[in-house]
Amino acid sequence: MIKAVIFDKDGTLLDFDAFWVNVSVKAISSVLAEFLAENVSVEEVLSAYGVNKGITDIDGVLCKGTYAQMGDILYDILSSRGYNFSRQEVTTAVVSAYNENSGAGEIKPTCGDLFDILSRLKEMGVKLAVVTTDNLLITEKCLKSLGVYEMFDKIYTDDGKTPVKPNPDAALEFCKEFNIDKENVVMVGDTMTDVKFARSAGIKVFGLYKTKENREKLLPYADKVIKSISELLSVVK
């Protein structure tokens, strides 16, 4: 019996490419301009982040990584071109640029009936949480724009306190706070990081896929693969 559902945010609740590809173009452009890096292209950095032709690879750092990891990648690119900025300078610039350009992204749900689905789950007495590697500022903005912020009993972000996925601490803390056995909890996410997070915590995991390629990547490792989170309703019942 499912008594709690932990959701990833990007690619699970929020359409990933519609938001993050647009934000990334603006953010990367801003950082490159700040560092006067004229011989580094936005397309080169996007490709290194796992974005090609506007589609994000679920194994890419933009999809499954952290701002620190994105900063590291850009730092390596800049260093290879002879720029002498510190790793911390680059990472700080990346975080700032993403925050400042978050308005460039289109915020839309992965399914049209997201609010209704979460409402039904709440009516069934299911506890809901979000665990994301995104920061608190953008997470709150996205969830409020989707109209679902108040639905969640807990929201875990990359706040410098709780270790990020795939570290299982957020899931374990959630289970403990609400006194829910791990066998009654399911993680819903679209990346292998979500799968590893769930497995490390000892909870079930449903892989949410957008493309055939993503489905094939998730299928061998998830307990179930689903095309839409609306499929959760039949499972919880």
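Residues are numbered from 1 along each chain as its sequence is written, and because the model is predicted, local features need pLDDT of at least 70, side-chain atom pairs count only at pLDDT 80 or more, and totals for chains, interfaces and linings use all residues. Side-chain values use heavy atoms, with hydrogens and water left out.

Let's start with the strands. Helices (H or I, at least four residues) and strands (E, at least two) are DSSP runs, numbered from the N terminus. Strand β6 covers residues 185-189, and five of its five residues are buried, so β6 is largely enclosed by the rest of the structure. Here, buried means under 20% relative accessible area, exposed means over 50%, and partly exposed is in between (1.4 Å probe, protein chains only). Both faces of β6 are covered, with Val185, Met187 and Gly189 buried on one side and Val186 and Val188 buried on the other.

What does β6 pair with? Two strands count as paired if DSSP finds at least two bridges between them. β1 and β6 pair in the parallel sense over four bridges, and Ile6 stands opposite Met187 in β6. Four bridges also join β6 to β7 (residues 204-208), again running parallel. Met187 turns up here too, standing opposite Val205 in β7, while Gly189 has Gly207 of β7 as its bridge partner.

Strand β7 is mostly covered as well, with four of its five residues buried. It pairs in the parallel sense with strand β8 (residues 224-226) over three bridges, and Gly207 stands opposite Val225 in β8. To get from β7 to β8, the chain crosses through helix α10 (residues 212-218), and this β-α-β crossover is right-handed. Right-handed means that, with the strands pointing away from the viewer, the path from the first strand over the helix to the second runs clockwise. β6, helix α9 (residues 192-201) and β7 make a right-handed β-α-β unit too.

Next comes the core. A nonpolar core is a set of buried Ala, Val, Leu, Ile, Met, Phe, Trp, Tyr and Cys residues joined through side-chain atoms within 4.5 Å. The largest one has 84 residues, and Phe7 and Tyr98 touch the most other members. Helix α1 (residues 16-34) gives this core its largest share, nine residues.

Helix α2 (residues 42-49) has a buried set of its own: Val42, Val45, Leu46 and Tyr49. These four cover an arc of only 100 degrees around the axis, which puts them on the same side of α2; the arc is that of the directions from the helix axis to the C-beta atoms. The buried residues of α2 pack against α1, β2 (51-52), α3 (61-64), α4 (67-80) and α5 (87-100).

The loops hold some residues worth a look. Asp10 lies in the loop between β1 and α1 and is buried, with a relative accessible area of 9%. Its side chain makes polar contacts with the side chains of Lys9, at 2.6 Å, and Trp20, at 2.8 Å. A polar contact is a pair of N or O atoms within 3.5 Å; within protein, one must be able to donate a hydrogen and the other to accept it, and residues adjacent in sequence count only if both atoms are side-chain atoms. Leaving aside neighbours within four places in sequence, Asp10 is in contact (heavy atoms within 4.5 Å) with Phe16, Trp20, Thr132, Asp134 and Asp190.

Asp15 also sits in the loop between β1 (4-7) and α1, and Asp15 is buried at 13% relative accessible area. The Asp15 side chain reaches the backbone nitrogen of Ala18 at 3.1 Å. Not counting residues up to four places away in sequence, Asp15 touches Lys108, Pro109, Thr110 and Lys210.

Leu36, in the loop between α1 and α2, counts as exposed at 63% relative accessibility. Asp159 lies in the loop between β5 (154-156) and α8 (169-177) and is partly exposed, with a relative accessible area of 39%. A polar atom of the Asp159 side chain lies 3.1 Å from the backbone nitrogen of Thr162.
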